[in-house]
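Hello,

Here is the structure I promised to pass on.

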Amino acid sequence: MALEKELIKYYRSLGLEIHTSTKARGHQGFYVRNRIDVSKNIAPERVVPTLLHEFAHYIHSKLEPQMPVTGGSLGVVFDVKSGIDEYEKELLQVTKLVDRHAKFEVLNLHKVSVKSKILECEKVIKQKYPKFLRSKKFKEFDRFIKKSEARYLLKYDRVKLLSGWLFKKTRIISIDSIERDFQDMPKEFCAYIRLKSYQRRQARISGKINRLKKYYSKPAELFARFVEGLYLCPLQVQKTAPLSCYRFYKLLSEGYYMELTGVFQILQSHNLVE
């Protein structure tokens, strides 16, 4: 029997409701109230890891019923009261092994690119205003922009303007066409508006990275990716997280993780875990 079908059969024998034909709320999968969904849109090789990941959430919620609300705790996961920081350090490294997105490589590249564009804009401004500082008011620009519709671009990259009383006319102004939309605007001021746009983009990227870091560092997610990793790359996980692996397998053999023991027996029968 294929591993995927064997796991699903085992899960259902425990009373879990399993769905593999939904979009899983836009994710690869999710677990909630004895129900596991695996997205129909994920690659075939991601089905088993997702089944393991969501089942780990199921086990964690049995160990710690408030986990879906609190995010769980590694103290409960590993049944320890001290040394929790060491487990966390190991599992963060395992997460990076298991999920390439946890390294934020693409977001960090975007952040570097945006920072470079901010410096380019600053260079243009300083050609005429050498004392310009991003941290201080740009008085010359402020005087110019007061009567210009371009002031809306200080908050938005694209704006639809309405004019006329009886017959409304619309005009769209954009960061991408400042020079065409405002031909009387000095290039330094155009650069300043773009600088503000890039700063907004930089803040959005930083905000997203911070939100993802918070998500990936939740004990519930750390544990789920750890279980996933023991299937995907067991030798690398054991090398990366020796303390966590030792404690996990000890507790697994003692029945602490309840029905997760059955899952690992299935994986062992397929020679997929150590």
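Below are the fold, the charges and the salt bridges.

This is a predicted model: local features need pLDDT of at least 70, side-chain atom pairs count only at pLDDT 80 or more, and totals for chains, interfaces and linings use all residues. Residues are numbered from 1 along each chain as its sequence is written, and side-chain values use heavy atoms, with hydrogens and water left out.

The chain holds 13 helices and five strands (DSSP runs: H or I of at least four residues, E of at least two). Its radius of gyration is 27 Å, well over the 19 Å that the globule rule gives for 274 residues, so the chain is more spread out than a compact globule. That radius is taken over C-alpha atoms; the rule is 2.2 Å times the number of residues to the power 0.38. The C-alpha trace spans about 75 × 45 × 30 Å along its principal axes.

Now the charges. There are 52 positive and 30 negative side chains (Lys and Arg against Asp and Glu; His and the chain ends are not counted).

The whole structure has eleven salt bridges (a side-chain nitrogen of Lys or Arg within 4 Å of a carboxyl oxygen of Asp or Glu). Glu-221 pairs with Arg-225 at 2.7 Å. Both sit in helix H10 (residues 219-232), four residues apart. Asp-99 joins Glu-221 and Arg-225 in a salt-bridge network.

Arg-35 bridges to Asp-37, also at 2.7 Å N to O. Arg-35 is partly exposed at 26%; Asp-37 is buried at 2%.

Best wishes

Conventions. Charge placed at Lys NZ, Arg CZ, Asp CG, Glu CD. Buried < 20%, exposed > 50% of the residue type's maximum accessible area, 1.4 Å probe, protein only.
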